Structure formats: structure tokens, C-alpha cells
Amino acid sequence: MSFDDPTTAARVLVLSGPSGSGKSTIVDRLVLESPVKVREAVSATTRSPRPDEVDGKDYYFLEQDEFSARRERGEFLECAEVHGVGDWYGTPRSELERAEAEEAWALLEIDVEGALNVMEKCPDALTIFLLAPSMEEYRRRLESRGTESAEVIARRIKTAGREVQRAERYRYRVINDHLDRAVGEIIDILSAWEDTYRA
Ligand code: 5GP
């Protein structure tokens, strides 16, 4: 653990899973329902906002130049180009500090590459990989969202296949077969970890 960097000691919950695995819904539920306090870390990204997305809530939407400048100043705990189309995503360290100040776990909803970086920087991070019951189910969920083109969906499914292969690097894997059950399982895991932190 680095003593120069207070964020490496923060309580961090990393949740990854392919597009269509139901991550965003689970994140919302955890923030509302978890008896162990959880605060969502808002990532920065260079991609354009979707119609229903709000700056500062869903993401901090940044121009490429601004993102690069922040990256060079070391303001991100980790950052990665996701989906290989030039869109960058990063976790601002300030989000971890804010969660810590509220005595909450910082919940990072990030891709596998970012998660592997966080595992190195925060060895005590609780890492959970969320799986949809099947690849067909991923496709169905992505298509029903109706916000992405066929090309984007195809690319995301390809990324999903690669990501699932790396799921064993996470401490836990949770199958999102039923929302209530999956949320309950994550809350149980988190509660057990909170107890070990306090012990
Ligand atoms: P979307 O564009 O659908 O919101 O997110 C695309 C992907 O970027 C998702 O897999 C999500 O987990 C990942 N992502 C979101 N924020 C971050 C971040 O701060 N860092 C990394 N490495 N990935 C992120």
C-alpha cells in the first residue's frame, strides 16, 4: 500500500459486468437499499451523453483535452479506453475521497481493465463481476434498451465475451438471474466485508 496516496486505503467496491448484465439497475438498488453505506463514484468520460443522462450524476462528460489534462495531473485512480472506439473513462480520485468523508464505500462501476488496475492500487478492494444468465440474454437486454445501433451492440457483445473470460480475477461472481436475489447476494457479501474491515 502506498502511503503517499490516501485513496489506496479507501473502502472500494468494484462492480463490473458486460453491457446488458444489469449493472446500472443493481448500482441504483445498492445505493438505496444497502444497510452498509454505499456511494456511487461518478466516472469521467469523453463519450457523448445519452438523451437521459445528466452531467455530474451519470458521468462527468469531458472534452478529450480536458480528460487528458486531468489524466496527466494524476487525478484518476485508473482510466481506460473502453470498447476501442476512442471513448475514455476514468475514476476521479476525488470521488473516493468524497465517499470516505461520508464513511461510505465507494462503488465503482467500471470495465475489466479498470478493475484490474484498481486491484493493484487498492489490494483490499471488494471486486464483484456481474453475469447475465446467458449471452442471448445480454443481446436481448441490449436490444431492448434501444439506444445503440446494431453495430454498437455487436461490438459490445464481442467485448462481453472477452470480459466474461476474465471474471475469475474478481473476488466474487454474481449471476443476475433475478434482480432481488442478485441485489441480496451483493448486500450479503458487502456486509460480511464491512465486518472484516471493522474487526
Ligand atoms: P457506458 O458507455 O455504457 O456508460 O459504459 C461503457 C463501459 O465503461 C462500461 O463497461 C462501464 O463499466 C465502463 N466504465 C464506466 N466508467 C468507467 C471508469 O471510470 N473506468 C473504467 N475503466 N471503465 C468505466
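This briefing walks through the salt bridges, the ligand site and a few single residues of the structure above. The model is a predicted one, so please read each value here as computed from that model. It contains 14 salt bridges, and its ligand takes up the space of the largest pocket. Let's take the topics one at a time.

- One of the 14 salt bridges joins the side chains of Arg11 and Glu194, with N and O 3.0 Å apart.
- Arg11 sits in the segment before β1 (12-16), while Glu194 belongs to helix α7 (residues 179-198), so this pair ties together parts that are 183 residues apart in sequence.
- Are these two partners buried or exposed? Arg11 is buried, at 15% relative accessible area, and Glu194 is buried as well, at 11%.
- Another salt bridge links the side chains of Asp180 and Arg29, at 2.8 Å from N to O.
- Here Asp180 comes from helix α7 and Arg29 from helix α1 (residues 23-33), so the bridge ties together parts that lie 151 residues apart in sequence.
- Asp180 counts as exposed, because its relative accessibility is 55% and the cut-off for exposed is over 50%.

- How far apart in helix α6 are Glu151 and Arg155? They are four residues apart in this helix (residues 150-165), so about one helical turn separates them.
- Glu151 is exposed, with a relative accessible area of 57%, whereas Arg155 is partly exposed, at 26%.
- Salt bridges can also join up: Arg39, Glu95, Arg98 and Glu102 are linked in a network of them.

**The ligand and its surroundings**

- How many residues surround the ligand? There are 17, and the closest are Ser43, Arg47, Tyr59, Tyr89 and Asp111.
- Two strands, β5 (76-81) and β6 (88-92), each contribute at least two residues to this shell.
- The largest share of the shell comes from β6, which supplies three residues.
- On the side-chain side of the story, a polar atom of Glu78 lies 2.7 Å from a nitrogen atom of the ligand.
- Lys23 also brings a polar side-chain atom, which lies 3.4 Å from an oxygen atom of the ligand.
- Taken alone, the ligand would expose 510 Å², and the protein buries 95% of that.

**Two residues to look at closely**

- Thr127 is part of strand β8 (residues 126-131), and this residue is buried, with a relative accessibility of 2%.
- A polar atom of the Thr127 side chain lies 2.9 Å from the backbone nitrogen of Arg171.
- Most residues other than glycine have a negative phi.
- What is phi of Glu103 near? Its value is near 55°, which is positive, in a residue other than glycine.
- Glu103 is placed in the loop between α3 (93-101) and β7 (105-109), and this residue is exposed, with a relative accessible area of 62%.

- Gly84 is found in the loop between β5 and β6 and counts as exposed, at 60% relative accessibility.
- Gly84 and Arg155 are 71 residues apart along the chain, and their C-alpha atoms are separated by 9.1 Å.
- Ser24 lies in helix α1 and counts as partly exposed, at 42% relative accessibility.
- Between Ser24 and Glu100 there are 76 residues of separation along the chain, and 22 Å between their C-alpha atoms.

Terms used
Residues numbered from 1 in each chain as written. Predicted model: local features only at pLDDT ≥ 70, side-chain atom pairs only at ≥ 80, totals over all residues. Heavy atoms only, no water. Salt bridge = Lys/Arg side-chain N within 4 Å of Asp/Glu carboxyl O. Buried < 20%, exposed > 50% of the residue type's maximum accessible area, 1.4 Å probe, protein only. Near = heavy atom within 4 Å. Polar contact = N/O pair within 3.5 Å; in protein donor to acceptor, adjacent residues only side chain to side chain. Areas by Shrake-Rupley, 256 points an atom, 1.4 Å probe, with all protein chains shown as cover. 1 Å grid on protein atoms, 1.4 Å probe; cavity = no way out; pocket = protein on both sides within 12 Å on 5 of 7 lines; lining within 4 Å. Sits in = over half its atoms within 2 Å of the grid points.
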